[in-house]
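Thanks for coming. I have one structure to go through today, and I will keep to the geometry.

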Amino acid sequence: MLHDDIHWMTHAIELARRGGRDVRPNPQVGCVVVGSVGEVLGVGWHQQFGGPHAEVNALEGLTGMDLSQATAYVNLEPCSYHGKTPPCADLLIAAGVGTVVIGCLDPNPRVSGDGMQRLQQAGIAVRPGVMEVEARALNAGFLTRMTLGRPHVTLKLAQSLDGFVAPRAGSSQWITGDAARKRVHGMRAEVDAVITGSGTVVEDDPSLTVRHIEGPNPLRLVFDAKRRIPANARVLTDGGPTQVVSGPVDASGRIDLRAALEGLPEEVLYVLVESGPTLASAFLAAGLVDTLHMFTAPLLLGGGKPSFLDPARETLEHALRAKDVHYEQVGADMLTTIVFRHP
Ligand code: AOF
Ligand code: ZN
C-alpha cells in the first residue's frame, strides 16, 4: 500500500538522520521492520562509521521470529559485499523477511543494484524507489562523492537588488540583515568545510566561523594559489582549523577547482563556497555548483562589484538554468535557492 510505504519510509529516513555526522563518510541509513498488521517489530540505524549497518540493528532481537509477512523499510539499498560488516542483503534473506522497500539505490560500485538483485533472487518482494527524492536528498553528499568523486557543493552569495555584492568603496560589510546572517551561520554549521578565496580574505578578512547560532565550526579552506593571504588573517588566527590550498593549479596558474575538490579528505561530504564573485563564478563556470543560495537585499547600489563575472552567455539557450527553485523571505531579504544538479 502506497500510503503505508510513505509513512514507514518517512520513519526510516528520520531514524537515518540520527546517525548525523558520526557516520561520515558513510551514508545515513535507517531501517524499520513492520509486521503484517502494521506493528513495529524492530528499528535501527547506522550510528557510527565502522559500526553495524542499520539493518543489523533493526533485526537484532528478531532471531527465530517468522518474518515472512514482515516488511523491512530502508532508505538505501542494502549492501551486498563484505565491508566492515557482512552483507545486509544476506542478513535480510537469512532473517526470512518477506518484503523489502528501498528508498534509493546505493551507487557504491560494490553494491549498485546488486543488493536488490540478491534479495529478488532469494524470492523477496522488493519495492525500490519509494520516496526516492527524499532518500537521495538525505545522502546528497555521499551520493555526489560516490558518483562524481567530489563533495556536494553549495555556493552562497549576497547581493543588492540590482545585482552587486558590494558598493564601489568598502566591501567588508554585510548588505543583508541579521536574519540572513544567522541563516548563513546555520549553513556553515551544516557543512564539513567552507571554501573562500584569497581575494575575500585580503579584502574582507572574514572569520567564517559559526557565531550567531550554536553549531560546530567547519574546516576553513582558503584557495590561495599565490600564497598571498597575510599571517594575521582572521581565518588563520581565530576559530577552528584552516587549510590554505595552493594547488593543484591549471595552465594559467589558477587553482584547478575540480582537482582541489577531488583531493579533499573523504570525510568532507558537503562544502559551502563563501567567496567573492571571482571564485564563485569560477565554480559556476566549471559546473561545480550543485546548489546556489542567493540572498537579495532590498537596496540599490547603482554600481559596484557585480555578483557574477562569468563569461556572458550570448543567447538564452546558453543560460545556466535551474533544475529547481525555491523562494523564501529571510528577514527583509529574499533567499533564492537554485538547484543546478539533483544528487
Ligand atoms: C547498508 N546499510 O546502514 C549502511 C550502508 O564501511 P562499511 O563496511 O560500513 O560499508 C560502508 C558502505 O556500505 C557504504 O559505502 C555504503 O555503500 C554502504 N552503507 N549500507 O546496507 C547501512 N551504512
Ligand atoms: Zn549493509
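Four bridges join strand β1 (residues 30-34) to β3, and the two run antiparallel. Strands here are DSSP runs of E with at least two residues, helices are runs of H or I with at least four, and both are numbered from the N terminus. Two strands pair if DSSP finds at least two bridges between them. Within this pairing, cysteine 31 has valine 74 in β3 as its bridge partner.

Before going on, the conventions. This is a predicted model, where local features need pLDDT of at least 70, side-chain atom pairs count only at pLDDT 80 or more, and totals for chains, interfaces and linings use all residues. Residues are numbered from 1 along each chain as its sequence is written, chains are lettered from A and ligands numbered from 1 in the order in which they are written, and side-chain values use heavy atoms, with hydrogens and water left out.

Back to the sheet. Five strands form an open, mixed sheet in the order β2-β1-β3-β4-β5. β2 and β5 (125-127) are at the edges with a single partner strand each, so one side of each has no neighbour in the sheet.

Histidine 53 sits in the loop between β2 (40-45) and α2 (54-59), and cysteine 79 in the loop between β3 (71-76) and α3 (88-95), 26 residues apart. Histidine 53 is partly exposed at 22% relative accessible area, while cysteine 79 is buried at 6%. The cut-offs: buried is under 20%, exposed over 50%, partly exposed in between, with a 1.4 Å probe and protein chains only.

Last, salt bridges, meaning a side-chain nitrogen of Lys or Arg within 4 Å of a carboxyl oxygen of Asp or Glu. The count is 11. One of them joins aspartate 290 and arginine 150 at 3.0 Å, N to O. These two are 140 residues apart, in the loop between α11 (277-285) and β12 (291-297) and the loop between α6 (140-148) and β6 (152-160) respectively.
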